[in-house]
Amino acid sequence: MPITPATATHSSSNGNAEAILLELVDEDGTTIGTAEKLTAHQPPGQLHRAFSVFLFDERGRLLLQQRALGKYHSPGVWSNTCCGHPYPGEAPFAAAARRTFEELGVSPSLLAEAGTVRYNHPDPESGLVEQEFNHLFVGMVQSALRPDPEEVGSTVFVSAGELAGRHAKDPFSAWFMTVLDAARPAIRELTGDSAGW
């Protein structure tokens, strides 16, 4: 993982994992503190900063990932290309690029901000709550994927029509449609009207 001022405090020289801290925010997205990741997701949830990435190929198809079965939150469900949480003090754009590389082994050839969305989605399977102020990013991917199997179970590129069919039969993350709908204006600008997003 690239070391930045924000990530340096979250890296351990002896390889032991530290508690992961998230940025707590108010309704305007202003940082008001920090909380441990699992604690922030316990009901009723604490509003925290997050990001969601939507990457497309040259044909305008969206890259979906199936979350690995070993993940504690929403395992095995399909979701957008990448999502996660910036470390305290880390810019959402930097976090989105970092996490996309960590999970999928690629750096986007283009990555642009696509607004924010605030939501509250309980996950009935785990009992955890996604209470998030989410920064959205859209972009392009043009290199071969090298997914981390501890994070990603599978990947697939889908057209808008294929997504509708898949969403009707496969389990998706509780937040997926909320973030997709919020990102649609930027997605249409990126992919063009003919892609159907």
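User: Before we start, what does contact mean here?
Analyst: Contact means heavy atoms within 4.5 Å. Keep in mind that this is a predicted model.

User: Fine. What do the buried residues of H4 pack against?
Analyst: They pack against strand S4 (62–67), strand S5 (78–79), strand S9 (152–158) and H5.

User: Which residues of H4 are the buried ones?
Analyst: In helix H4 (residues 160–169), the buried residues are Ala 160, Leu 163 and Arg 166. Because they cover an arc of only 115° around the axis, they sit on the same side of H4.

User: And what is exposed on the other side of H4?
Analyst: Gly 161, Ala 164, Ala 168 and Lys 169 are exposed there.

User: Where does Arg 166 lie relative to Trp 78?
Analyst: Arg 166 is over the face of Trp 78, 4.8 Å from the ring centre.

User: On to the rings. How many aromatic pairs does the structure hold?
Analyst: There are 3 aromatic pairs. One of them is Phe 56 with Trp 197, where the ring centres are 5.7 Å apart and the planes are at 75°, so the pair is edge-to-face.

User: Which parts does that pair tie together?
Analyst: Phe 56 belongs to strand S3 (residues 48–56) and Trp 197 to the segment after helix H5 (176–191), so the pair links parts that are 141 residues apart in sequence.

User: Trp 197, buried or exposed?
Analyst: Trp 197 counts as buried, at 5% relative accessibility.

User: How about burial for Phe 172 and Phe 176?
Analyst: Phe 172 is buried, with a relative accessible area of 13%. Phe 176 counts as buried at 0% relative accessibility.

User: Different topic. Which residue does the UniProt "binding site" annotation cover?
Analyst: The UniProt record, an unreviewed entry, puts that annotation on Glu 103. In the model, Glu 103 is in helix H3 (residues 92–104).

User: Why does Glu 103 count as buried?
Analyst: Glu 103 has 4% relative accessibility, and buried means under 20% relative accessible area.

User: What does the side chain of Glu 103 make a polar contact with?
Analyst: It makes one with the side chain of Gln 65, at 2.6 Å. Setting aside residues up to four places away in sequence, Glu 103 touches Gln 65, Cys 82, Cys 83, Arg 146, Pro 147, Asp 148, Glu 151 and Val 152.

User: Glu 151 is on that list. Where is Glu 151 found?
Analyst: Glu 151 is in the loop between strand S8 (129–140) and S9. Glu 151 is buried, with a relative accessible area of 16%.

User: Which side chains does Glu 151 join in polar contacts?
Analyst: The side chain of Glu 151 has a polar contact of 2.5 Å with that of Lys 71. A polar contact of 2.9 Å joins the side chains of Glu 151 and Arg 99. Beyond four places in sequence, the residues in contact with Glu 151 include Gln 65, Gln 66, Arg 67, Ala 68 and Glu 103.

User: Now Asp 57. Where does it lie?
Analyst: Asp 57 is in the loop between S3 and S4, and counts as buried at 9% relative accessibility.

User: What does the side chain of Asp 57 reach?
Analyst: It reaches the backbone nitrogen of Arg 59 at 3.0 Å. Not counting residues up to four places away in sequence, Asp 57 touches Met 140, Val 141 and Phe 157.

User: And Asp 26, which loop is that in?
Analyst: Asp 26 lies between strand S1 (21–25) and strand S2 (31–36). At 27% relative accessibility, Asp 26 counts as partly exposed. Apart from residues up to four places away in sequence, Asp 26 touches Ile 32, Leu 47 and Phe 133.

User: Which residues does the cis peptide bond join?
Analyst: The cis bond joins Pro 43 and Pro 44, with omega about 5°. Pro 44 is in the loop between helix H2 (37–41) and S3. In general, most peptide bonds are trans.

User: Last one: which residues does UniProt list for the Nudix hydrolase domain?
Analyst: The unreviewed UniProt entry lists residues 46–183 for "domain: Nudix hydrolase". Over residues 46–183, the chain is 22% helix and 38% strand, with the end C-alpha atoms 23 Å apart.

Methods
Residues are numbered from 1 along each chain as its sequence is written. This is a predicted model: local features need pLDDT of at least 70, side-chain atom pairs count only at pLDDT 80 or more; totals for chains, interfaces and linings use all residues. Side-chain values use heavy atoms; hydrogens and water are left out. UniProt positions are given in the numbering used here, feature names are shortened, and annotations may be inferred rather than shown by experiment. Helices (H or I, at least four residues) and strands (E, at least two) are DSSP runs, numbered from the N terminus. Buried means under 20% relative accessible area, exposed over 50%, partly exposed in between (1.4 Å probe, protein chains only). A polar contact is a pair of N or O atoms within 3.5 Å; within protein, one must be able to donate a hydrogen and the other to accept it, and residues adjacent in sequence count only if both atoms are side-chain atoms. Rings of Phe, Tyr and Trp (its six-membered ring) pair if their centres lie within 6.5 Å; planes under 30 degrees apart count as stacked, over 60 as edge-to-face and the rest as tilted. A charge sits over a ring if NZ of Lys or CZ of Arg is within 6 Å of the ring centre and within 35 degrees of the ring normal. The arc is that of the directions from the helix axis to the C-beta atoms.
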